[in-house]
Amino acid sequence: MSQSKLGLKINGKDYTLDADPNMPVLWAIRDLLGLTGTKYGCGAGLCGACTIHVDGEPARACLTSLKQVQGKQVTTIEGLAADGLKQAWRDNNVPQCGYCQAGQLMSAAALLSQYPQPNDAQIEEAMVGNLCRCGTYTRIKAAIKQASGKAERVDSTMEVEA
């Protein structure tokens, strides 16, 4: 691997890294910068756990190289300022194990940026690449709708009959 001095803008802050330009952004933000909110899931861009924003668009950090983000703004979960969306996530008890949540939130925030009041088809299309092993898809959709002002919270309490 050939090392280069690379200038990056992540979460509004400028960084200079001595790294291989072909290194995936995921490893740079996690291992070199210590921003560990973005998760490694599959390494093939299929699960969405590593979703970041590059100039406001969702991208898979495991497939995006450092040279691809030169001169662009990268936002990680640590820099996401979507307080209403995060609150909707909490209100709907979306996180279970939590592993996929950074990627889910990043994809949902990008969706709401493009479509402030998305319909079901737009939500499903935007979120299809984000896998949740705990199966909280109904809660995720409800949280996105709540954040958009279009729907109520999901009742996450379940009564079990004896």
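Helix 4 (residues 120-127) and helix 5 (residues 137-148) have axes that come within 11 Å and cross at roughly 120 degrees. That angle makes helix 4 oblique to helix 5, since angles under 35 degrees count as roughly parallel, over 145 as roughly antiparallel, 65 to 115 as roughly perpendicular and the rest as oblique. Here helices are DSSP runs of H or I with at least four residues, numbered from the N terminus, and axes are lines fitted to C-alpha atoms over the stretch in contact, with angles running from 0 to 180 degrees between N-to-C directions.

This is a predicted model, so local features need pLDDT of at least 70 and side-chain atom pairs count only at pLDDT 80 or more, while totals for chains, interfaces and linings use all residues. Residues are numbered from 1 along each chain as its sequence is written, and side-chain values use heavy atoms, leaving out hydrogens and water.

Back at the crossing, Asp 120, Ile 123, Glu 124 and Met 127 of helix 4 touch Ile 140, Lys 141, Ile 144 and Lys 145 of helix 5 (contact means heavy atoms within 4.5 Å).

Now look at helix 3 (residues 101-114): its axis comes within 11 Å of that of helix 5, and the two cross at roughly 40 degrees. That makes helix 3 oblique to helix 5. On the helix 3 side you'll find Gln 104, Ala 108, Leu 111 and Leu 112, meeting Ile 140, Ile 144, Ala 147 and Ser 148 in helix 5.

Zooming out, the domain assignment (automatic or from a database) gives domain 1 (4-78) and domain 2 (81-147). Their contact takes 17 residues from domain 1 and 12 residues from domain 2.
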